[in-house]
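Trainee: I have a chain to look at and would like to go through it with you. Where should we begin?

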Amino acid sequence: MKKRIQTIDYLRAITMLLMIFVNDFWTLKNIPDWLKHAPADFDGMGFSDVIFPLFLFIVGLSIPYAIEARMNKGEDSYNIFLHILKRSISLIVMGVMMVNYENANNEVMIISKYSWGLIMAFGIVLLWVNFSGLKISDVTKKFIRALGVILIIFLCLIYKGNHGAEITWMKFSWWGILGIIGWSYLLISSIYLFGKKNIKIIFIAFLLLLFLNIQEGEYYNLIPEFKIIVSSSNHILVSGGLLFSLLYFKNVYKLEKIKLFKVAFIISITLLLFGLFLRNDFPISKIYSTPSWSTICLSISIISCLSLDFILKLNDSLLKYIGFIKPAGTSTLMCYLIPYIIYPIITLLGFRWPELISNGGIGLLKSMIFSISIIVFCGILEKRKLRLVV
């Protein structure tokens, strides 16, 4: 079995840690604006606006290794594509459920919004728990999966939510974080798989996606706007991660390490300057998924990856000090889901954080401790072979 790339695992772990951290900001007061998401019409971005793009970039980094591992097991392209499709649909379903949870109406459903969210989280666990390593019978496995399906169907049947001024059944106002990952993973993995892993084909696709991202604002009047389900900005970040993985980690052009590092650094600076140039016509905005935002975030992602890779190669003993966060890079979906269990339980119990530890710098410390605690807990679950796999 091919050794995992430590830089990718730890970059994913750090990103998930920060994602849980910034997602907990809603429990805090009086924290600096630069840490939050920037408003839609503000030309710029906050720290929170960089985290999800970095995760999409990491999805792209992992694609070559995931597909290569299946090919090494003797799987053909058709079966690998079916696996990609299954993973994508799973992520999209989870994303849609989570988005609708946000809009669920407490007053008109037969159960409370928070009970609905808690059942949703347990249903996801039952449906996508990884049974390998667990000593349970096939009958029990089928029962667990069936129970997960029943719970999700039940939630869909009873759902009522606020969508604008209306109370309606589920709507896809947006696809959610997991849904966006699912759609982007489906497109870019398919291009890589059926493009025969050709870096030139992927680069052409990247340029086309960049053009589509520019045209999402109907920049060229004579050309219609076109969107591939979700904004091309998301596909740009995943395809950018894939290209960087091939260039840097797989080193397809067989460059010397120092030259490889310089080329990667120059690419990141070029993307940054290009994003700033686009800013003249496209203000930086995560909400509107502008091309200036996507290219600047891609630059930041590359620089972050290069920096971490350099640090780990310079001093790999550092791993023993940050090893406790690694489960966030290997049990990522479980780490992301656990807050969807904790928050509803806290609300249903009527618990509220004391003012002292939900305010300012102390509140930020509380959120970081909360994030680390989730990751440590996921590490305990991972040792007991409890992981979610899609």
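What follows is a set of questions and answers on this predicted model.

Trainee: What do I need to know about the model and the numbering?
Mentor: Residues are numbered from 1 along each chain as its sequence is written, and side-chain values use heavy atoms, with hydrogens and water left out. The model is predicted, so totals for chains, interfaces and linings use all residues, side-chain atom pairs count only at pLDDT 80 or more, and local features need pLDDT of at least 70.

Trainee: What distance does helix α2 reach from its first C-alpha to its last?
Mentor: Helices are DSSP runs (H or I, at least four residues), and strands are runs of E of at least two, numbered from the N terminus. The expected span of a helix is 1.5 Å times one less than its number of residues. For the 25 residues of α2 (residues 48-72) 36 Å is expected, and the reach is close to that, at 38 Å.

Trainee: At which residue is α2 kinked?
Mentor: The bend at a residue is the angle between two fitted axes, one for the seven residues ending there and one for the seven starting there. In α2 the kink is about 35 degrees and comes shortly before the proline P64, at S62.

Trainee: How many of the residues of α2 are buried?
Mentor: Buried means under 20% relative accessible area, exposed means over 50%, and partly exposed is in between (1.4 Å probe, protein chains only). Helix α2 is largely enclosed by the rest of the structure, because the buried residues number 19 of the 25.

Trainee: Which residues touch F25?
Mentor: F25 sits in the loop between α1 and α2 and counts as buried because its relative accessibility is 9%. Not counting residues up to four places away in sequence, F25 touches I31, L35, S48 and L364.

Trainee: Is N30 buried or exposed?
Mentor: N30 is also placed in the loop between α1 and α2. N30 is not a glycine, yet has a positive phi of about 55 degrees. With 61% relative accessibility, N30 counts as exposed.

Trainee: What is the relative accessible area of S289?
Mentor: S289 is found in the loop between α9 (257-278) and α10. S289 has a positive phi of about 50 degrees although it is not a glycine. S289 is buried, and its relative accessible area is 15%.

Trainee: Which residues touch S233?
Mentor: S233 belongs to helix α8 (residues 232-249). Its relative accessibility is 0%, so S233 counts as buried. Residues up to four places away in sequence are not counted, and S233 touches N213, E216, S289, W293 and S294.

Trainee: Which helices are included in what covers the buried residues of α5?
Mentor: The end C-alpha atoms of α5 (residues 138-158) are 31 Å apart, which agrees with the 30 Å that its 21 residues should span at 1.5 Å a residue. The buried residues include I144, G148 and I152. Their cover includes α3 and α4.

Trainee: How much space lies in the second largest pocket?
Mentor: On a 1 Å grid over the protein atoms alone, a pocket is an open set of points with protein on both sides within 12 Å along at least five of seven lines, and lining residues have an atom within 4 Å of a point. Grid points are joined across faces, edges and corners, and the volume is the space filled by probe spheres set on the points. For the second largest pocket the value is about 1,400 Å³.

Trainee: Which of its lining residues are closest to the centre of the second largest pocket?
Mentor: The lining of this pocket has 48 residues. Elements giving two or more residues to the lining include α1 (6-23), α2 and α3 (77-103). Closest to the centre are E102, W174, G176, I177 and K286.

Methods. 1 Å grid on protein atoms, 1.4 Å probe; cavity = no way out; pocket = protein on both sides within 12 Å on 5 of 7 lines; lining within 4 Å. Contact = heavy atoms within 4.5 Å.
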